[in-house]
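Let's go through this one with some plain questions and answers. Have a look at the picture, and then we'll start with the core.

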Amino acid sequence: MDAPSQFFFGLEKKNGQKKVDPEDNLKLEAGLSLAELHAALMSLQNGKAPGIDGLPVDFYKSFWSVLGEDLLEVIMDCLETGRLPLSCRRAVITLLPKKGDLQELKNWRLVSLLCTDYKILSKVLACRLREVMASVIHIDQTYCVPGRLISDNVTLIRDVLEVSSSLAVDTGLISIDQEKAFDRVEHQYLWQTFSRLWVQLRFYSQDSGFVL
């Protein structure tokens, strides 16, 4: 729960994190296209529970020829006004059992059932960010970065141990598994990090305070 302080931004600068190339940022800020929305929709899995509007992914796929252009118009209006539609700012929260004693709250998982239009928009933005992730994320971070494999970390560890052994250097390995790591990242820190990387995605919801 560390605050996004100047200290942490200083560490990022010291580590030599690069900013997004201006040309790449132009691609990130370019207007959305119908083809992008359709590709995002087709990548979503069928059979998932719908959000508060009751319209699942299967519905959008079946009636895309009717809904596609209207959805694009709505999203483009969001870009111009800086405000997401109500369906993108509401979720149905349900509980799913995990394991262990279900009398304990920690053994239940909160799940937010989001509307499909929100999922499509999120997928489009995620696909755009994937194109520039490798240029700003350190090479040692391999998870969820296109072109990198988690197995590369195993090879790196082996190399470090072999080099340390050949140089007679005492080496220690610390493996940290932080519980609920994603819940411990302050949102404001994420937004300021995006700003430092010149990533500008202009979505804002006054109701939820959600910014992209």
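Q: What makes the residues that touch the most other members of the largest nonpolar core part of a core?
A: A nonpolar core is a set of buried Ala, Val, Leu, Ile, Met, Phe, Trp, Tyr and Cys residues joined through side-chain atoms within 4.5 Å. The largest one here has 18 residues, and Leu-32, Leu-37, Leu-41, Leu-71, Ile-75, Ile-120 and Leu-121 touch the most other members. Helix 3, helix 4 (57–62), helix 5 and helix 6 each give two or more residues to this core, with the largest share, five residues, coming from helix 6. There's also a second, separate core of five residues, including Val-20, Leu-28, Val-132 and Val-136.

Q: How do you know what sort of model this is, and how residues are numbered?
A: It's a predicted model, where local features need pLDDT of at least 70 and side-chain atom pairs count only at pLDDT 80 or more, while totals for chains, interfaces and linings use all residues. Numbering runs from 1 along each chain as its sequence is written, and side-chain values use heavy atoms, leaving out hydrogens and water.

Q: Which residues is Leu-41 in contact with, leaving aside neighbours within four places in sequence?
A: Contact means heavy atoms within 4.5 Å. By that rule, Leu-41 has Val-57, Tyr-60, Lys-61, Trp-64, Thr-116 and Ile-120 as its partners.

Q: Why are helix 2 and helix 6 called roughly antiparallel?
A: Angles run from 0 to 180 degrees between N-to-C directions, and over 145 counts as roughly antiparallel. Helix 2 (residues 22–29) and helix 6 (residues 116–136) pack at about 170 degrees, with axes 10 Å apart, so the pair is roughly antiparallel. Asp-24, Lys-27, Leu-28 and Glu-29 of helix 2 meet Arg-128, Leu-129 and Val-132 of helix 6.

Q: How do helix 3 and helix 5 pack?
A: Helix 3 (residues 34–43) and helix 5 (residues 64–81) sit at an angle of about 115 degrees, and their axes are 10 Å apart. On the helix 3 side, the contact is made by Leu-34, Leu-37, His-38 and Leu-41, and helix 5 brings residues including Trp-64, Leu-71 and Ile-75.

Q: Why does Asn-107 count as buried?
A: Buried means under 20% relative accessible area, exposed over 50%, partly exposed in between (1.4 Å probe, protein chains only). Asn-107 has 12% relative accessibility, so it counts as buried. You'll find Asn-107 in the loop between strand 1 (91–97) and strand 2 (108–114).

Notes: Helix = DSSP H or I, 4+ residues; strand = E, 2+ residues; numbered from the N terminus. Parallel < 35°, antiparallel > 145°, perpendicular 65-115°, else oblique.
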